[in-house]
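These are my notebook entries from one sitting with the model. I wrote them down in the order in which I looked things up.

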Amino acid sequence: MSWSAHDLEPYAFQRHLGGKVAIVPLLIGSYSPDFATKWFVYGISTFGVDVGAEDPAEFHRGWPGVGFMHSLSFGIVIALVVLLVFRSRIWAISLLIGQWAHSLTDAGDTVGTMLLFPFTTHKFDLDAWAYAGQTNRLTDAAAYHSGLGFVWDGLWIVYGLIAWRVLTRGYFRAVIVPADPFWRWAGRRVPEGVLVALYRASFFYGTTRWLAWLIWAHVLHDYPFDLSWGGPHWVPAVDRD
Amino acid sequence: MRTLALHIGVAAAYVTLGVFVPEVLISWPVGTAFYLLGVCALPALVRRLR
């Protein structure tokens with residue numbers, strides 16, 4: 001799994017595709033594979049009762065489970081639904097790009113994603129960083145920010161900072177608003193400054209949490225870096241190969 | 001320049017809070033609310049009080 005890439009990748013697509021995409025569905029698509037399921041992967045405890053998946057990695061990425069949400073066909077299905085309901089090509093395409101980006105990015109870990117579901121339940125994986133969602137949220141965060149996962153997220157941050165003009169008010173007015181009627185509708189109800197902030201919010205969230213997790217894991221705590229392929233190896237990674 | 005300084009300040013505050021209370025780093029709504037408060041609500045309040 002990835003921690004900040006899903007917040008940041010949409011801005012890179014925005015930079016390259018300009019008015020051909022809409023940022024809101026792009027972000028929704030980027031978040032959609034984990035939507036409403038991540039809490040069950042880590043589990044929660046309420047009134048002394050533990051609720052969570054018996055096999056978190058299989059629930060998250062496999063079948064039976066919600067692993068189909070990380071497949072390319074799931075992106076096509078939700079894009080078609082949006083096209084049929086809202087009659088908006090730009091929303092459908094943006095949603096599709098966001099969901100595909102998430103599914104392909106998560107194929108970077110040791111579990112991988114069922115990209116070609118329902119044709120096969122094989123999980124495509126690059127094994128670049130450890131999948132440790134079965135541990136707990138904090139250990140998973142520490143592991144991710146100790147291996148190549150945080151490097152991957154860091155690349156998107158660097159790219160975003162290089163392409164900083166995408167985050168300016170001028171770009172928002174010239175490209176973002178004309179591309180998507182949502183912003184004109186929202187602009188009649190909310191001041192422009194708030195809309196610009198909303199537009200930038202995921203970039204802010206992805207960048208700051210990346211930095212905070214790094215400091216938390218390596219300054220406040222003492223988790224060792226391990227940038228070897230498939231690392232960090234100090235965490236019991238799930239590898240379905 | 002003023003906008004950039006404001007963003008850096010809000011980012012520094014969020015990172016500091018997140019390091020000591022990592023639960024705030026987990027939720028997108030919490031992160032976004034913090035950001036909106038820092039770059040929109042707080043400056044608007046300061047302007048009104050002046």
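I began with Ala36(A), which counts as exposed because 9 C-beta neighbours lie inside 10 Å; a residue is exposed with 12 or fewer other C-beta atoms within 10 Å of its own, buried with 20 or more, and partly exposed in between, the C-beta atoms being placed from the backbone. Ala36(A) sits in the loop between helix 2 and helix 3 (38-42) of chain A, and its phi is positive, about 65°, although the residue is not a glycine. Helices here are DSSP runs (H or I, at least four residues), numbered from the N terminus.

I noted that this is a predicted model, in which local features need pLDDT of at least 70 and side-chain atom pairs count only at pLDDT 80 or more, while totals for chains, interfaces and linings use all residues. Residues are numbered from 1 along each chain as its sequence is written, and chains are lettered from A and ligands numbered from 1 in the order in which they are written.

I then turned to Asp127(A), in the loop between helix 6 and helix 7 of chain A, where phi is again positive, near 65°. Asp127(A) is partly exposed, since 18 other C-beta atoms lie within 10 Å.

I looked up cis peptide bonds next. One joins Phe117(A) and Pro118(A), with omega about 5°, and Pro118(A) belongs to the loop between helix 6 and helix 7 of chain A. Another runs from Gly231(A) to Pro232(A), with omega near 5°, and Pro232(A) lies in the segment after helix 11 of chain A.

For the interface, I recorded 16 residues from chain A and 15 residues from chain B in the contact, two residues being in contact if their C-beta atoms, placed from the backbone, lie within 7 Å. Helix 11 of chain A gives the most to the side of chain A that touches chain B, with 14 residues.

Which residues have the most contacts inside the largest nonpolar core? They are Tyr131(A), Trp213(A) and Tyr35(B), in a core of 69 residues; such a core is a set of buried Ala, Val, Leu, Ile, Met, Phe, Trp, Tyr and Cys residues joined through C-beta atoms within 7 Å. Helix 11 of chain A supplies the largest share of this core, 14 residues. Leaving aside neighbours within four places in sequence, Tyr35(B) is in contact with Ala197(A), Ala201(A), Phe204(A), Tyr205(A) and Val10(B).

Definitions and conventions
Helices (H or I, at least four residues) and strands (E, at least two) are DSSP runs, numbered from the N terminus.
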